[in-house]
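Please consult the sequence and the coordinates while working through them.

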Amino acid sequence: QFLYFIGNPPSKKKIRGAKGRHHTLFKKMTDVACVMVPLKTSSELDFAKKAVQFGQVKKWHTGVLDKMSKKRALMLKAFAERREVDKAVEEYMAYVVALTEDGRANFLRKIVFYYWAAALGPRTSHAASDSHYEVASVLSNLGLYHMEVVTQNISTSNRASAERIEKESYKTLCIAAGFFDKSFSLMSGFGSKIDGAFPLDMQPSMISGLRDICLAQAQELSLSKALRNTDNRGRELLAKLASKSYALFSSALVSFKEQRPKEEPSFVSFMAWASLKKEILLVKTYLLMALHYTKADKMAEAFSASKQAEQFMPNVSTLFNTHKKVLDKTIAAAVKLLEEECQRVAYKIKRDTEMLGRPKLLDEPVPLVEPQELARAVPYTYPEHSVDWTPEVIQTFELKD
């Protein structure tokens, strides 16, 4: 099952804005809803035994493979215990990447079956005899681990720590997106062989969707941080940041639907969360546009943007009511406050237009503002090969006759 957290229910205390007006969009608490997906699991491997068993190397050349087996076991333990995960992965990758690159050790790429249980979809193990699949699985799992860290950190934030945690979580999610990006590149290399040969969560479209989810959440964190600064009120930048987060959630949903197992409960709940986030960001974008246009004395545009927010708000309510059993109940506070903000902004604009005279309405709804990208994936680079992979050791690997 998936666990969904919202950092903290948005503060019910209204923050006084310019000219005495109140806006709950501008708050002190972090209310970004993040997702946590179960990590992938695997079983320990004896690289040396498998290599000899399949007649690929001479027995006296397997010392480095024994060390690689131990590093992999330590990595799996780190994932299970959530302790020093990055260090354990880095140490194992220093060994296994030699099996994915050109060189004398590359012939070991296909001699071992790597078993990994899927994180998305049925929790069944899947085996593939390709070290590219192994590296991609490790990186995807590392990305899921960093998403979990962010969710847990945000769930414990308070007024004193909110800004610091948002900043750290933003960086962590961009790094996680880099892990998924590299995993996507490796799995895309299988080409047409990918269809039906690998589990759901290792399909390129699913991996790219998870990458976009990370960036969407990072983008939303940047928006939350910007909203906390009262000097930003009314700035178009806020709407642009929200628009980009909306676009990323939309992109992720398109990717997920390419592989959607319609009756898989865990994936249905994951889709419900992503769909709800998408609709929330769309409404929030139009609300921020309305506030920007109001500040710029463009009341016709403000009126149109406010109406668009009101038009899409029922989608948020419907999605939440339909899937609230699989969503964390604290997200109800965010949905409720978003409804109140729609009413508040609409009332504000109506009052201002009555004071200034009703503006001429636009012939067409105001278009969604162009997105502003801040969150980007941090490229992942392989670590240096372990010192055990010396040129002399690699040259000693010989195929048996």
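**Exercise 1.** Where is the place of E84?

*Solution.* The model is a predicted one, in which local features need pLDDT of at least 70 and side-chain atom pairs count only at pLDDT 80 or more, while totals for chains, interfaces and linings use all residues. Residues are numbered from 1 along each chain as its sequence is written, and side-chain values use heavy atoms, with hydrogens and water left out.

Step 1. E84 sits in the loop between α2 and α3; helices here are DSSP runs of H or I with at least four residues, strands are runs of E with at least two, and both are numbered from the N terminus.

Step 2. Most residues other than glycine have a negative phi. E84, although not a glycine, has a positive phi of about 50°.

Step 3. With 59% relative accessibility, E84 counts as exposed (buried means under 20% relative accessible area, exposed over 50%, partly exposed in between, with a 1.4 Å probe and protein chains only).

Step 4. D297 is found in the loop between α8 and α9 (299-323), and its relative accessible area of 63% makes it exposed.

**Exercise 2.** Determine which residue forms a salt bridge with E91, and which helices the pair ties together.

*Solution.* Step 1. Side chains of opposite charge can pair when their charged atoms come close. The criterion is a side-chain nitrogen of Lys or Arg within 4 Å of a carboxyl oxygen of Asp or Glu; by this rule the count comes to 14 salt bridges.

Step 1. The partner of E91 is K71, with the closest N and O atoms 3.3 Å apart. Because E91 lies in helix α3 (residues 85-96) and K71 in helix α2 (residues 63-81), the pair ties together parts that are 20 residues apart in sequence.

Step 2. Both ends are partly exposed: E91 at 31% relative accessibility and K71 at 24%.

**Exercise 3.** Describe how helices α7 and α8 are arranged.

*Solution.* Step 1. Two packed helices are described by the angle between their axes and the distance between the axes. Axes are lines fitted to C-alpha atoms, for helices over the stretch in contact, and angles run from 0 to 180 degrees between N-to-C directions.

Step 1. The axes of helix α7 (residues 236-257) and helix α8 (residues 265-295) come within 8 Å and cross at roughly 155°. This makes α7 roughly antiparallel to α8 (the class for angles over 145 degrees).

**Exercise 4.** What percentage of the residues is buried, and how many helices and strands are there?

*Solution.* Of the 401 residues in the protein, 55% are buried. The protein has eleven helices and seven strands.

Terms used: Angles under 35 degrees count as roughly parallel, over 145 as roughly antiparallel, 65 to 115 as roughly perpendicular and the rest as oblique.
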